[in-house]
Amino acid sequence: MILYHGSNVTVEKPLLIKQNRYLDFGFGFYTTLNKDQAKDFARKVTDKRKEGTPCLNIYEIDENIIFNECKLLEFEGPNEKWLDFVSENRQGTYSGEEYDLIYGAVANDDVYTTITLYMSGVLSKEQTIEALKIRKLYNQLVFKTEKSLQYLHFQRRTFV
């Protein structure tokens, strides 16, 4: 399986670096199967940080091995379980089971607006899930542990 990570720098050896903000699936190294999504993120992070060059880091994993040897949490789509998990992580309140890998939909800027309306009580859980079902959701595979990172093999970097 080929995975992409958009950045303003080349990331040959991914590290688990504590973030100063709360993300969809918590702390980890975020990748995607969607090349365009990663390119877009590379441009955004380069613009935000005002340094580096937008680049696409390309990795490979053997999903048959990693998914058998690591503890995986997988979300099929924007369902109630996914919404609860993302909401708790985005608020920094998740205290449930820990995983090596998490796979599921990305709460990008457009999706996050809907989730914010849910977290603030404007939308019910049912309204939020229905609203998310009509959106085009991209995916992410997050490496949460050092163990999982051992299966991620850097292939090359291209500039966006």
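Predicted model: local features only at pLDDT ≥ 70, side-chain atom pairs only at ≥ 80, totals over all residues.
1. Let's start with the largest nonpolar core, which has 18 residues. Within this core, F25, F75, W82 and I102 have the most contacts. Four elements each give it at least two residues: helix 3 (80-91), strand 5 (101-105), helix 4 (109-119) and helix 5 (125-133). Helix 3 provides the largest share, four residues.

2. Leaving aside residues up to four places away in sequence, F75 touches F25, K81, W82, F85, I102, Y103 and G104. Among these partners are F25, W82 and I102, which are also listed with F75 as having the most contacts inside the largest core.

3. A separate core of 14 residues lies apart from that one, and C70, L141, F143 and L149 are among its members. C70 has a relative accessible area of 6%, so it falls under the 20% cut-off and counts as buried.

4. C55 is worth a look as well: its relative accessibility is 1%, and therefore it is buried. As for disulfides, the structure holds zero.

5. Finally, please visit Y4, which sits in strand 1 (residues 2-7). Is Y4 buried or exposed? It counts as buried, because its relative accessibility of 13% is under 20%. Not counting residues up to four places away in sequence, Y4 touches T31, T32, L33, N34, K35 and A38, and also L56, N57 and I58. Y4 and D40 are 36 residues apart along the chain, and their C-alpha atoms are separated by 11 Å.

How values were computed
Residues numbered from 1 in each chain as written. Heavy atoms only, no water. Disulfide = S-S within 2.5 Å. Buried < 20%, exposed > 50% of the residue type's maximum accessible area, 1.4 Å probe, protein only. Core = buried A, V, L, I, M, F, W, Y, C linked by side-chain atoms within 4.5 Å. Contact = heavy atoms within 4.5 Å.
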